[in-house]
Amino acid sequence: MFKIIGYFLSDMFKSSLIYTLKSFSQKEMRDFGEFVHSPYFNKNQGAVKLFDHIKKFYPEFDSGKLEKEKIYQDLFGKTEYNDGFVRTIMHILTDLIEEFLAIRNLNSKQYLKKLLITDELNQRKLEKLINKSFADSRIAIDKLKTSGDTEYYYYRYLYAAMLSGFKEWTRYKSKNLKDFDGLD
């Protein structure tokens, strides 16, 4: 019996795309819509059209209305159905969901965000900006200690490693590195 019911459910309804979208709150759905429409994060108009179409079915995502062939016809008219194209757009939209979730997660962890900014400034050797960034990172990481978070020691270690790297390149920045590595 279950095989027969599963047979009639569309591939889209069973996809990780719909599975993940079902877990979104109304605010997350709205924010993800802005994310999908942002030309910085997404340049694929097919993915925009697909999202705009399937969001109408939120939060239930009724399987009877989420058949790939029907959605393709609604979005692209009478052109011949192309399963590969639909799968590609679904894949792009699923990748956008993953990127959206990663950014949401990063924004919820200010200590990690500040540490990543510090790392990027350090790699670019932007000495004028990095001193403030190190201070901001330290403050954000120290908040973990006061909250009793066990990740404090891990992020404190990363901070110390970055600070050590910063001290190394600033110490030798105006000198000839040949003097320090034993080369002629």
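**Exercise 1: Confidence**

The chain has an average pLDDT (the predictor's confidence in each residue, from 0 to 100) of 85, and 86% of the residues score at least 70. This is a predicted model, in which local features need pLDDT of at least 70 and side-chain atom pairs count only at pLDDT 80 or more, while totals for chains, interfaces and linings use all residues. Residues are numbered from 1 along each chain as its sequence is written, and side-chain values use heavy atoms, without hydrogens and water.

Determine which elements of the chain have the lowest and the highest mean pLDDT.

Solution. Helices are DSSP runs of H or I with at least four residues, numbered from the N terminus. The lowest mean, 37, belongs to helix α1 (residues 2–8), and the highest, 98, to helix α3 (residues 26–37). Over residues 1–10, pLDDT stays under 50.

**Exercise 2: Packing**

Describe how helix α8 (residues 127–146) packs with helix α9 (residues 152–172).

Solution. Axes are lines fitted to C-alpha atoms over the stretch in contact, and angles run from 0 to 180 degrees between N-to-C directions. The angle is about 160°, with the axes 10 Å apart. Therefore α8 is roughly antiparallel to α9 (over 145 degrees).

**Exercise 3: Charge pairing**

State the N to O distance in the salt bridge of D74 and K70.

Solution. A salt bridge requires a side-chain nitrogen of Lys or Arg within 4 Å of a carboxyl oxygen of Asp or Glu; the count is 10. For D74 and K70 the distance is 3.6 Å. Because these residues lie 4 residues apart in helix α5 (residues 68–76), about one helical turn separates D74 and K70.

How values were computed:
Helix = DSSP H or I, 4+ residues; strand = E, 2+ residues; numbered from the N terminus. Parallel < 35°, antiparallel > 145°, perpendicular 65-115°, else oblique. Contact = heavy atoms within 4.5 Å.
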